[in-house]
Amino acid sequence: MTQVADSPGHALQAAFDATIAHEQRVEPRDWMPDGYRRTLVRQIAQHAHSEIIGMQPEGNWLTRAPSLRRKSILMAKVQDEAGHGLYLYSAAETLGADRNDLTEKLISSAQKYSSIFNYPTLTYADVGTIGWLVDGAAICNQVPLCRSSYGPYARAMVRVCKEESFHQRQGYELLMTMMAGTDEQRAMVQESVDRFWWPSLMMFGPPDDESPNSAQSMAWGIKRHSNDELRQRFVDMSVPQAKALGVTLPDPDLVWNAERQAHDFGEPDWSEFMQVVKGNGPCSAQRLARRRQAHEDGAWVREAATAFARTQQAASRG
């Protein structure tokens, strides 16, 4: 019998599978399955949107920071988050995504961002708690992405993670300072931790058996660990930090399990998580309205930049 040669599509798929199997990087010019590309665009876009929307909760305190030092620290952090968003939008563009299209999908709620940014920052202690818990959870989630199978995403994450680590230490230092202050300041920190603990655990996404994309993303090497694995790492990391800080984590089921050599902990309210993801969080409408307004207010800048670029191109051809 005559052997039928593999089709070009089979050869391309085999080459892609070999790249993944050998822990090598997929680059923009490489062939990749449509599902791999779609998954990356969805994940990177959601990540970029989160960085941009994430500027709002802490930016709310820029004019009310208690000292010039605290204001400069916070301003630098918010600026870093803007940079992270730009790195990630650039990574998405290497997959053929259009940045303007991604922005339109964000402000129309067609694409999501991290649920944590739909919660209000009610006190200045929240600035520290976000740095400690929210950026701490982000670090747990993002450090493994430095080994993502897609090259531009992995390389962008190296710088992002370095800066996020700095943000986490800034937040922790702020809380340590407040915990060494007055009874009112200590109470403010504890109240803030009480509000942000459970939403921070939800940042890793739903349980593994309810996560529709996690297994495939891990098989492709986009993700390196499951949602539940990352959540466990975060809890185990946070418990000794909370003890050193002098705050109580608001979970009566939190206890060390000697057999597992890890902490047992309670179940987040996943019904709340789903409501927030669907756009019904405490600040969901406010966050998107501000992003939409900023996009509209900046239209003249984009138009001017485009016109200038066209003029320069025309001049270079002239």
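I started with helix α4 (residues 68–93) and helix α6 (residues 125–142), whose axes come within 12 Å and cross at roughly 40°. α4 and α6 are therefore oblique to each other; angles under 35 degrees count as roughly parallel, over 145 as roughly antiparallel, 65 to 115 as roughly perpendicular and the rest as oblique. I took axes as lines fitted to C-alpha atoms, for helices over the stretch in contact, with angles from 0 to 180 degrees between N-to-C directions. Helices are DSSP runs (H or I, at least four residues), as strands are (E, at least two), numbered from the N terminus.

A note on the source: this is a predicted model, where local features need pLDDT of at least 70 and side-chain atom pairs count only at pLDDT 80 or more, while totals for chains, interfaces and linings use all residues. Residues are numbered from 1 along each chain as its sequence is written, and side-chain values use heavy atoms, with hydrogens and water left out.

Next I checked the handedness: α4 and α6 cross in a left-handed way, meaning that the near helix is turned anticlockwise from the far one by less than a right angle (clockwise would be right-handed). Leu74, Lys77 and Glu81 of α4 meet Val127, Ile130, Gly131 and Asp135 of α6, with contact meaning heavy atoms within 4.5 Å. I sorted these contact residues into 3 nonpolar, 1 polar and 3 charged. Here Ala, Val, Leu, Ile, Met, Phe, Trp, Tyr, Cys and Pro count as nonpolar, Asp, Glu, Lys and Arg as charged, and the others, Gly among them, as polar.

I then followed α6 to helix α7 (residues 151–179): the two pack at about 145°, with axes 7 Å apart. Their crossing is left-handed. Among the contact residues I noted Trp132 and Ile139 of α6 and Tyr172 and Leu175 of α7. The contact of α6 with α7 divides into 11 nonpolar, 9 polar and 2 charged residues.

On a 1 Å grid over the protein atoms alone, a cavity is a set of points where a 1.4 Å probe fits but cannot get out, and lining residues have an atom within 4 Å of a point. I found 1 cavity of 30 Å³ or more. The largest cavity holds about 110 Å³, a volume being the space filled by probe spheres set on the points, which are joined across faces, edges and corners. Of its 13 lining residues, Ile73, Val127, Gln170, Gly171 and Leu174 lie nearest the centre. α4, α6 and α7 each give two or more residues to this lining.

Methods: 1 Å grid on protein atoms, 1.4 Å probe; cavity = no way out; pocket = protein on both sides within 12 Å on 5 of 7 lines; lining within 4 Å.
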